[in-house]
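Colleague: Could you take me through the contacts in this structure before I set anything up? I would like to go one interface at a time.

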Amino acid sequence: MSPLWLLAVIFIVALTGAILGRSRAIGAVDGEVSTLHSRPGYYGSYVFIWTAIPAALFMAALLIAQPFFNRSVVHDHLFGAYESGCQRSLSFGKSNAAILKAGDENAPQICRDWIEFRDLETRQDLVQGVVRNVADGLALLNKDELTKLRAGLVAIRPMMAQKGIALAEDVSAPIVSAAYRLNDARSRANFLLYGGLGILLLAGFLGSYLRIRPALRARNLVEANIRIALIIASSIAVLTTVGIVLSMLFEALNFFDHVPLVDFFFGTVWDPRFQSVGRQVSSEGGQFGLLPLLWGTMFISLVALLVAVPIGLFAAIYMAEYATRPIRAVAKPMLEILAGIPTIVYGFFALVTVGPFLRDAGASIGLSISANSVLTAGFVMGIMLIPFISSLSDDIISAVPQSLRDGSLGLGATKSETIKQVILPAALPGIVASILLAASRAIGETMIVVMAAGIAANLTANPFEAVTTVTVKIVSQLTGDLEFNSPQTLVAFALGITLFFITLGLNVFALHIVRKYREQYD
Amino acid sequence: MTDLSVPPAQSTAQMPRDYGLKKRYASEARFKLYGMIAIGMGLLFLTLLFVSIITKGYTAFEQTKIQLSLTLDEKILDPAGTRDPKQLAKAIRYNKIIEPAFYQAIGLDPKDKAQKADRKLAKKIISRGAAIELRDMVLDNPDLIGTTQSVWILASGDVDSFVKGQISRQTDEKRRQIKDKQIAWIDALLDQGIMDKKFNSGLFTFGASSRPETAGIGVAVIGSLFMMGIVLVLALPIGVAASIYLEEFAPKNKWTDLIEVNINNLAAVPSIVFGLLGLAVFINFAGLPRSASIVGGLVLTLMTLPTIIIATRSALKAVPPSIREAALGVGASKTQTIFHHVLPLASPGILTGTIIGLAQALGETAPLLMIGMVAFVKDIPVSPLDPATALPVQIYMWAGAAERAFVERTSAAILILLAFLAIMNISAVLLRRRFERRW
Amino acid sequence: MQDMTPINTAEASERRAIKISAKEVTVHYGAKQALFGVDLDIEENQVTSLIGPSGCGKSTFLRCLNRMNDTIDICSVGGQIRLGDINIYDPKVDVVELRARVGMVFQKPNPFPKSIFENIAYGPRIHGLCRDKSDMEEVVVSSLQKAGLFDEVKDRLDEPGTGLSGGQQQRLCIARAIAVSPEVILMDEPCSALDPIATAKVEELIDELRENYTIVIVTHSMQQAARVSQRTAFFHLGNIVEEGPTEQIFTMPKDQRTQDYITGRFG
């Protein structure tokens, strides 16, 4: 039975229990429900929780643990079977144990299999997959077919193909026996699962059902459980952050096994040299210098801010201080549309409209601007950032107390004098924070730069040339079929964690300023 | 004392003073103008963006098709006469029906050896996807075999671009994908009304294809729907539960402070980082399939959670304490108070926040690239575990394609995506207007 | 000091020059009318207090006198208010110039988030009233002295104005208004956010300022009106019910409603 069906069964059993519990509570007071401690529904919920939750948790734990357990069962068995198979074939043959080295063409097949299995993680993954496939196939065979197979009357590969399971290669004896082991382990696990579920459901139901008495504080018990659920939900956000940091740190540390920390953080050349799957990692794994990428990121972000800050800030000032209600009611949401447009759309806009336009415009005045340039990416990203700056700055400026405006206007200051000399200085921390948040957006922005910035890592100060960014490289290192454990892919995680901490720093700092600012005027 | 050191103010007050008004008002006007220019530029960019995409994209909603009268000959399609779907599914047989019919339509002899070069050129006018479309029609209804049907079949992508005027006749023939001879045929077909632009329903139903005329967003839309479903089912309850705890139960201490900072920060973490998380945790660690919408849904759920939590908390905050006090006052427990009174009153705000979060998730591309949703998927996925793409990822893939006809399809897909987003955001606004309550 | 102490009765009897003359002033906030044709003459170098229950229009009227109501979009003002020989609602009148001549002090002390010095220097600076730095320093010092604040803050002119106590902040705001050398100072319940000791200081200051400025003060406290003002106008439901020398309003009100209000029957 699939987990979903099991869940359904648990649910139905628990629901039945809930109905029984509710009627037991009502029956216990002969229908005088007002003499119960809690409303009858709470007694039902109480039984439901105690029946369903332990069983569901048990099921989840078992389902999570099972693959790991099965994997180790198969691994241990294969290891032993290969080794003993090899030993046997060696003792029968002429070769001796001394030839057991990787890639020895003269060794018997089983020994070569064993060595590959012993030394290569990728091979282990592959064999595990084959074993699973064979085991699935064996489970489909009937008794008759199984006996034939055992007796060696039929070959396994065509038989599996008949059952709709395609095997990539002919399977050796250790794999078949591992498949039997796997099926054994699976059936034991199933037995454990069904037995455990049955016991837990029954025990949970009886334990809670029999405890139902009019004085049982069912509501308090149920509410305590609700509260636990709420706490778990609220910790998911923290777990996400922990997950981000740990997963990226783990993979990044893997990367730093291959490439020294200093070479990554202070290297000025980015040249990862792609390698295809399967080949050994050579010592010349390419150079992974972060600096050109970081420079590209900062350069594009700077151009973006040069576009977004003046426009966003003046737009915010105009909307907060000058605009009449109807203009504000139209202009504000219109500008905010810019924030709602997916970045892929900006990327496309940069790729097909802005890039060619800037290139042609540059050509007409004798400038050579490449279609993928810092200018293109930065300009389009700047458009995207306008609402980030204008919205938050607008809020911040509007939060400056009216009394300060009155004070200044009451002295005969003009509006612009009031804004420049009283309101902006008062709102400065908030405005700085909004710029920092926009900068953090710009640094983490991916799609615009993927489509408009180029892929060559360049250390250039010329805004008309193409540069690449941290995010572009994360994408290009991870798309395509690459061996996962090579530095070429792992570097993406090192880049990712760098990106995460840069933006984290900016965000925490900016949000802290905003918080302080809000408290000041609350 | 006070009046000794200072000359009486009246002496200056009575004289007309110079306030430098002219200069000050000029500066005032300038400052105001900057503001108007800033807003004007913002709106100008918005308009440019839309104009650029609409003008590039609207043509993709029409597709050039050719009307042919096809005799579905049983001898060709089903020589055995068994109506076995496996036999009927052989697409190459349908070409043998379409091609001769087309040659006749442009006045070529299907058999004449001398015209072989012409026929080869003519064949390029019809799409290679036409046979497959015809096949699917027959597979749906095998009774059609033996009858003669008038069918609009797809023209190839280059022909489509030419008919829409995107390939200029002025270009030198060598560099032009459509040759002079083909132009003559196309003009003749257009004159006869056999070739015409029809509504492009395939754009909405087809999956990935390397031929623009048979490429559509069908798979991507289903994939996106699956993901939105997963996000809704997971992020809404978790987000609401988390917000209730933080807003109503949690004590104010370092730990809840940390959660709060953490949630605000998560909302600003670059989306690509969530993609890396998804790759490392859901695919490499938990072993979920690559390219599947379930992984995309989970990643987007984690991304959307902070948005929903922030919106829900402010909705809960907006419910005045008097409501809580009233419920507590009649003896309701805290949990009852929240679930019976506070939550229903906050629900419009929660819903609005959820819709906005979903809209963000719908437009998100970068994290999906990380979990391998840049896949060439032809078949409509039937479960969240099947390989799928998402609408924005489809746009990304099309944007990288070389053919001229993909540019308009990319723009059209963007328009469809924007339409979805507009619907979601407008409904959020309407919801807020309809149910907003001022306390 | 002695010669400055006001003798209310003596001064109330003599008529002075009229500084501001309001005729038929009406104010609408959108559809809602707040003032219904108010007539009031404000005498030069006197303190005029506007009293009345909450929402009677006294603050609205005060804000008409230097057109602070312009900052509220939905507010429209009718009638005529003359300052000297100009109608301040004449389209040709410049609101900046007007406000430089008619300064204002608000209910809540609202120092700018700048240093004490900069708070005072702000007005003269924007209006270009000082030729150079020493000139500016002189204005700042004299304004602080006139506001009776100089001795308290002379050592910390560079510290933020928001760091002062409430009463000091309010006197800072008064000094800020004085620095522009206005002819009239409007005060909108200047003591409502202050404690009694700070209030006493501000009241004393108002009395001293009368020498050089015309002052209009809105107050909730009838005691305060009696203490600081020479003339009083009683507002009720957007109208002036009664206006005259303070002494007379408080001792022999002509109108029953005034009588009721000052004896505490409503308010």
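**Interfaces between chains and domains**

Modeller: Let me start with chains A and B, where 78 residues of chain A are in contact with 76 residues of chain B, contact meaning heavy atoms within 4.5 Å. This is a predicted model, in which local features need pLDDT of at least 70 and side-chain atom pairs count only at pLDDT 80 or more, while totals for chains, interfaces and linings use all residues. Residues are numbered from 1 along each chain as its sequence is written, chains are lettered from A and ligands numbered from 1 in the order in which they are written, and side-chain values use heavy atoms, with hydrogens and water left out.

Colleague: What area is buried between chain A and chain B?

Modeller: About 6500 Å², of which carbon and sulfur atoms give 77%; buried area here is the accessible area (1.4 Å probe) that two parts lose on being put together, summed over both. On the chain A side, Leu230(A), Tyr318(A) and Phe348(A) supply 10% of what chain A buries against chain B, more than any other three residues.

Colleague: And how many salt bridges are there between chain A and chain B?

Modeller: There are two, counting a side-chain nitrogen of Lys or Arg within 4 Å of a carboxyl oxygen of Asp or Glu. Arg24(B) forms a salt bridge with Glu417(A), with 2.7 Å between the closest N and O atoms.

Colleague: Which helix gives the largest share of the side of chain A that touches chain B?

Modeller: Helix H8 of chain A (residues 218–258), with 18 residues; helices (H or I, at least four residues) and strands (E, at least two) are DSSP runs, numbered from the N terminus.

Colleague: OK, switching to chain C. How many residues does the contact take from chain A and from chain C?

Modeller: It takes 17 residues from chain A and 22 residues from chain C, and the area buried between the two chains is about 1600 Å², with 62% from carbon and sulfur atoms. There is one salt bridge across that interface, in which the side chains of Arg63(C) and Asp406(A) meet at 3.9 Å, N to O. Helix H14 (402–410) and helix H15 (415–444) of chain A each supply at least two residues of the side that touches chain C, and H14(A) gives the most, with seven residues.

Colleague: Last topic, chain B by itself. Where are its domains?

Modeller: Chain B is divided into domain 1 (58–200) and domain 2 (218–435), bounds that come from an automatic or database domain assignment. The C-alpha centres of these two domains of chain B lie 44 Å apart, and the contact takes eleven residues from domain 1 and seven residues from domain 2.

Colleague: Which residues supply 53% of the area that domain 1 buries against domain 2?

Modeller: Ala60(B), Phe61(B) and Gln166(B), more than any other three residues, while the area buried between the two domains is about 720 Å². The rule finds one salt bridge across this domain interface, and the side chains of Lys164(B) and Glu408(B) meet in a salt bridge at 2.7 Å, N to O.
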